[in-house]
Amino acid sequence: MAEVRVNAEVKDLTRIERIGAHSHIRGLGLDDALEARAVSQGMVGQAPARKAAGVILQMIKEGKIAGRAVLLAGQPGTGKTAIAMGMAKALGEATPFAMMAASEIFSLEMSKTEALTQAFRKAIGVRIKEETEIIEGEVVEIEIDRPATGSAAKTGKLTLKTTEMETIYDLGVKMIESMQKEKVQAGDVVAIDKASGRITKLGRSFARSRDYDAMGPSTKFVQCPEGELQKRKEVVHVVTLHEIDVINSRTQGFLALFAGDTGEIRQEVREQIDAKVAEWREEGKADIVPGVLFIDEVHMLDMECFSFLNRALENDMSPILVVATNRGITKIRGTNYRSPHGIPIDLLDRLLIISTQPYSEKELRLILDIRCEEEDVEMTDDGKELLTKIGKETSLRYAIHLITAASLIAQKRKSAEVEIDDIGKAYTLFIDVRRSIQFMTEYQDQYMFNEVQDDADMNGVDEQ
């Protein structure tokens with residue numbers, strides 16, 4: 001009889017997100033004394049800016065001061081958005097962090113002030129506390145009686161235990177269906193909400209860890225619960241004010257929340273919600289969690305928006321506002337007035353300004369090392385040196401873009417490592433901004449609607 005072979009391929013499904021420009025950032029890379037480590041959590045260099053961001057972060061976590069605004073200012077490619085992403089990661093899931101580009105406000109089907117109000121309320125969380133009764137224990141046995149005739153209802157028994165006690169519960173039809181849906185079996189540690197009947201699998205008991213030879217990567221082992229089976233547990237939910245606004249603004253509020261079609265929300269609805277939240281705070285049912293609103297490319301806002309921000313920052317329910325720009329002294333949008341960063345002076349006076357500096361060659365090399373690891377590209381030391389040199393002469397973004405391009409060229413010649421020749425080929429295939437400008441200047445006459453004229457032509461126009 002021929003031998004049958006089965007090739008079992010096990011894939012790790014934990015990583016499903018795509019690699020983005022800032023997907024390598026895990027935090028700000030600060031120690032307990034808020035000192036910036038040289039290379040940590042995907043962050044490199046910019047020690048003063050990161051330390052300043054750490055101080056702001058501490059202020060946010062304490063949640064005592066509202067209406068503070070921070071400006072991240074620096075040249076393109078100096079890590080402004082990276083610092084904002086690091087702040088978001090360091091704050092964790094419990095603190096709301098809303099990100100938007102300033103130009104989004106002008107493309108939405110609502111007024112500019114409504115778009116900004118919604119963005120502000122997305123960045124303010126409400127921590128709601130509830131007390132629920134739960135049954136928590138390890139499943140010893142499940143018995144489900146299926147009657148021979150299909151008309152009779154299913155009945156069953158569930159045996160649960162903790163380290164101190166064991167109890168048998170009778171199961172109804174709905175609970176049996178929930179058990180089957182969650183695929184609960186003997187050895188699982190479960191939590192059952194008494195009010196709603198919702199079953200949550202917490203994991204498998206350590207006592208049953210040797211039941212099977214092979215386990216999936218997602219299998220989690222937990223200790224058998226201690227004490228009583230029935231416990232009172234405080235459940236904490238964090239929802240944003242914007243989510244509460246949308247749900248209460250119309251009959252099908254939940255659907256609007258998922259679809260993103262929120263529309264304009266009336267001021268009366270917001271006032272009622274603010275009053276209710278204030279009432280919950282007094283009763284101790286809820287706390288306000290001031291989060292962070294990050295607006296990138298803030299110079300794209302106009303005078304109306306800046307005036308609104310001035311007023312909104314004075315509200316006691318406002319989040320910490322973090323804005324970023326790469327502009328120098330330029331015109332404020334919609335006016336002929338020039339101002340630093342394209343922001344009016346009165347708003348600049350309210351901002352704490354964090355400046356970012358261009359990266360040194362050593363720091364560029366460290367960033368490229370991190371990006372190679374993130375993009376899963378093997379590269380020789382000589383290749384990395386060349387890429388660092390290219391990054392120094394052109395821009396960091398251009399050098400990062402060449403990593404994957406050079407990797408694909410190396411794959412074509414069946415090489416596991418990216419070498420100097422592959423980077424050279426990618427460098428010739430994809431030109432940077434400086435070479436593109438040089439090319440345009442040389443061949444400008446052959447392009448349509450060319451506005452750059454020679455000095456000779458200009459002189460001829462002047463003489464006429």
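**View 1. An open sheet of five parallel strands.** In this predicted model, five strands form an open sheet in the order S4-S13-S14-S3-S17, with parallel pairing, where strands are DSSP runs of E with at least two residues, numbered from the N terminus, and two strands pair if DSSP finds at least two bridges between them. Strand S4 (97-101) and strand S17 (351-355) stand at the edges with a single partner strand each, so one side of each is left without a neighbour in the sheet. From one strand to the next, the twist averages 20°, with axes taken as lines fitted to C-alpha atoms and angles running from 0 to 180 degrees between N-to-C directions.

**View 2. Strands S3 and S14 side by side.** Strand S3 (residues 69-73) and strand S14 (residues 320-325) run parallel and are joined by five bridges. Ala69 has Leu321 as its bridge partner in S14.

**View 3. The two ends of the chain.** The mean pLDDT of the chain is 82, and 87% of its residues reach 70 or more, pLDDT being the predictor's confidence in each residue, from 0 to 100. Over residues 1-16 the pLDDT is below 50, and this stretch has two contacts in the model beyond near neighbours in sequence, a contact meaning heavy atoms within 4.5 Å. Residues 455-464 also have pLDDT below 50, with one contact beyond near neighbours in sequence.

**Notes to the views.** Residues are numbered from 1 along each chain as its sequence is written. Because this is a predicted model, local features need pLDDT of at least 70, side-chain atom pairs count only at pLDDT 80 or more, and totals for chains, interfaces and linings use all residues, while side-chain values use heavy atoms, leaving out hydrogens and water.

Notes:
Helices (H or I, at least four residues) and strands (E, at least two) are DSSP runs, numbered from the N terminus.
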